[in-house]
Amino acid sequence: MNIGFISLGCSKNRVDTEVMMAALKKAGHKIVNSLERADLVIVNTCGFITPAKEESIEAIIETAELKKKGSLQFLVAAGCLSQRYGRELLLEIPELDGVFGISSVSSMAGFVNRIAQGERACFTEAPPTEYSEKGPRILTTPPGSAYLKISEGCNNSCSYCVIPSIRGKLRSREINELLNEAVQLLKMGIKELVLVAQDTSTYGHDISPQPALPILLRELSKLDGLEWIRLMYLHPLYLSDDIIDVVAYENKVLPYLDIPIQHASSKILKLMHRQHDNRHLRTMINKLRARIPNLTLRTTVMLGFPGEEEKDFAELYEFVAESQFDWLGAFSFVPEEGSKAALMPNQIEDEIKVERRDKILRLQQKITRQKNLARVNSREKVLISSQLSKNLFVGRTYFQAPEVDGLTLVKTDFKLTKGDLVDVQLVGVRNYDMIGEYQ
C-alpha cells in the first residue's frame with residue numbers, strides 16, 4: 001500500500017512520524033511524498049493549544065477531499081489530538097477510518113492492516129510508563145541534521161499546559177539506547193544531533209539518581225563523525241551547574257541554549273507554576289554568559305496570561321531588552337481546555353494579548369538584527385542543507401537552530417555538498433538571515 005504522511009506540530013512529533021514511516025516500510029508498504037499517490041494518509045496531529053488543534057482538524061478535512069475524488073482510500077489521525085479526542089474525532093469526522101494515540105507509534109503496521117481490512121478503529125490507550133516511541137527512522141530533516149528525542153512526557157505542572165495529561169509522565173530513554181541510535185544516524189551522514197524532549201533539562205530524573213544529561217552529552221561527544229550537539233527546550237529551573245559545565249567545556253556541545261522563560265514577572269511566573277522567580281532568571285543568565293564563551297540564547301515568552309497587568313508586561317519588556325536574547329519566540333496565551341490557567345480569573349482580552357506580543361516581537365527584531373550585524377566579517381562553520389541555484393546554497397551556523405531561527409545564504413563558485421560543514425565568511429544580513437561567502 002502507498003502511504004503518505006502529514007506531520008504537524010513540534011520536532012518531537014516529527015521523530016514519531018519518522019518512526020512510523022520506518023515501521024510501515026519494514027512491513028512492506030511504500031512511503032510516498034505526494035498525497036495524490038497515496039492509498040492511505042496518516043495525519044500526525046498536534047493538540048497542544050487551540051490554534052494547533054484547529055490546524056490539525058483543517059489538515060484532516062482538507063485531506064478528506066481526496067477520498068471524495070476517489071484517489072484516497074483510507075484516512076487516519078494520529079498524535080496528540082487523537083490522544084485527547086480519539087472517539088470524538090471518529091464521531092465528528094466520518095471521513096476518518098481510524099484514530100490512534102501516542103502509544104501506538106511503533107506498532108503502526110498492525111494498526112494499518114486492521115484499517116485496510118475495513119475496521120474503523122480507535123486506539124487511544126493511556127500513555128505508557130516507559131519510553132516506547134522508538135525504532136528505526138526514515139529521516140525527513142535536511143541532510144546532515146537529525147533530531148534525537150531523549151525522553152517523552154513531563155513531570156512539570158505548568159498551569160497553562162496540558163502536555164502531561166496527553167503525553168504522560170517523564171519517560172527517559174537509556175543512555176546506551178540513545179548512543180546506539182546516534183551511531184545509526186551518523187552512518188546516515190548526520191553531522192548534527194538536535195536533542196529534544198518536552199524538557200531536556202530533566203532527562204534521566206526518572207531513571208537515575210545522578211544528573212543524566214551531562215553524562216549523555218559527554219558520551220555523545222566521544223562519537224566519531226559527530227560535529228554538533230544542540231540542546232533545545234531547557235526549563236530554567238533544572239539548568240544545573242553540571243549541564244552548564246558540559247556546554248562550556250565539551251567542544252561538540254554547541255554554545256547554543258534554548259531556554260523558554262515564558263515570563264519575567266515573579267507574580268506571573270508564580271501563577272504559571274514555573275517554580276522560580278525573576279531573580280532566578282537573572283542569576284541564571286548572568287552565570288551562563290560568564291561561563292560559556294560565544295553563547296547564543298533562545299527563549300520563548302507568553303503574553304496575556306491571566307492577571308498580567310501593564311506593570312507585569314513592562315517588567316517582561318524590560319527583561320527582554322536587558323537580556324538581549326539572540327532569538328525569541330512570542331505567542332499569546334490560549335485558555336486551553338483542561339488547564340488550570342483556563343479557569344483563572346482576570347483573563348486578558350485578545351486585543352491586548354496581540355498588542356503586547358507584537359511589541360515584544362518588534363523589540364526582539366531590533367535586538368536580533370544588531371546581533372547579526374555584529375557577526376558580519378566573522379568566519380563560521382555552516383551546515384549546508386540545500387541549493388537554491390548554481391552559486392547559492394542554504395545552511396545554518398551554530399547560532400541558528402533548525403526550523404526556528406534564521407538561515408545562512410552562502411554564495412560560492414564551488415560545488416558544495418549537502419550535509420557538509422564548510423567554513424564561510426559572513427558578509428551581510430538580510431532580515432533574520434545571514435549572508436556568507438565560500439571561496
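Modeller: Start with helices α1 and α4, which are roughly perpendicular to each other (angles of 65 to 115 degrees; under 35 is roughly parallel, over 145 roughly antiparallel, the rest oblique). Note that this is a predicted model: local features need pLDDT of at least 70, side-chain atom pairs count only at pLDDT 80 or more, and totals for chains, interfaces and linings use all residues. Residues are numbered from 1 along each chain as its sequence is written, and side-chain values use heavy atoms, with hydrogens and water left out.

Colleague: How is a pair of packed helices described?

Modeller: By the angle between their axes and the distance between the axes. Axes are lines fitted to C-alpha atoms, for helices over the stretch in contact, and angles run from 0 to 180 degrees between N-to-C directions. Helices are DSSP runs of H or I, at least four residues; strands are runs of E, at least two; both are numbered from the N terminus. Here α1 (residues 11-26) and α4 (residues 108-116) cross at roughly 65°, and their axes come within 8 Å.

Colleague: Which residues make the contact?

Modeller: Met20, Ala23 and Leu24 of α1, with Met108, Ala109 and Val112 of α4 (contact means heavy atoms within 4.5 Å). By class, that is six nonpolar, no polar and no charged residues. Ala, Val, Leu, Ile, Met, Phe, Trp, Tyr, Cys and Pro count as nonpolar, Asp, Glu, Lys and Arg as charged, and the others, Gly among them, as polar.

Colleague: At what angle do α7 and α8 pack?

Modeller: About 20°, with the axes of α7 (residues 212-221) and α8 (residues 241-249) 8 Å apart. That makes α7 roughly parallel to α8. The contact of α7 with α8 has five nonpolar, no polar and two charged residues.

Colleague: Is Arg396 buried or exposed?

Modeller: Arg396 is buried, at 8% relative accessible area. Buried means under 20%, exposed over 50%, partly exposed in between (1.4 Å probe, protein chains only). Arg396 is found in strand β16 (residues 392-396).

Colleague: What does the side chain of Arg396 reach?

Modeller: The backbone oxygen of Gln400, at 2.9 Å. The Arg396 side chain also makes a polar contact with the side chain of Ser145 (3.4 Å). A polar contact is a pair of N or O atoms within 3.5 Å; within protein, one must be able to donate a hydrogen and the other to accept it, and residues adjacent in sequence count only if both atoms are side-chain atoms.
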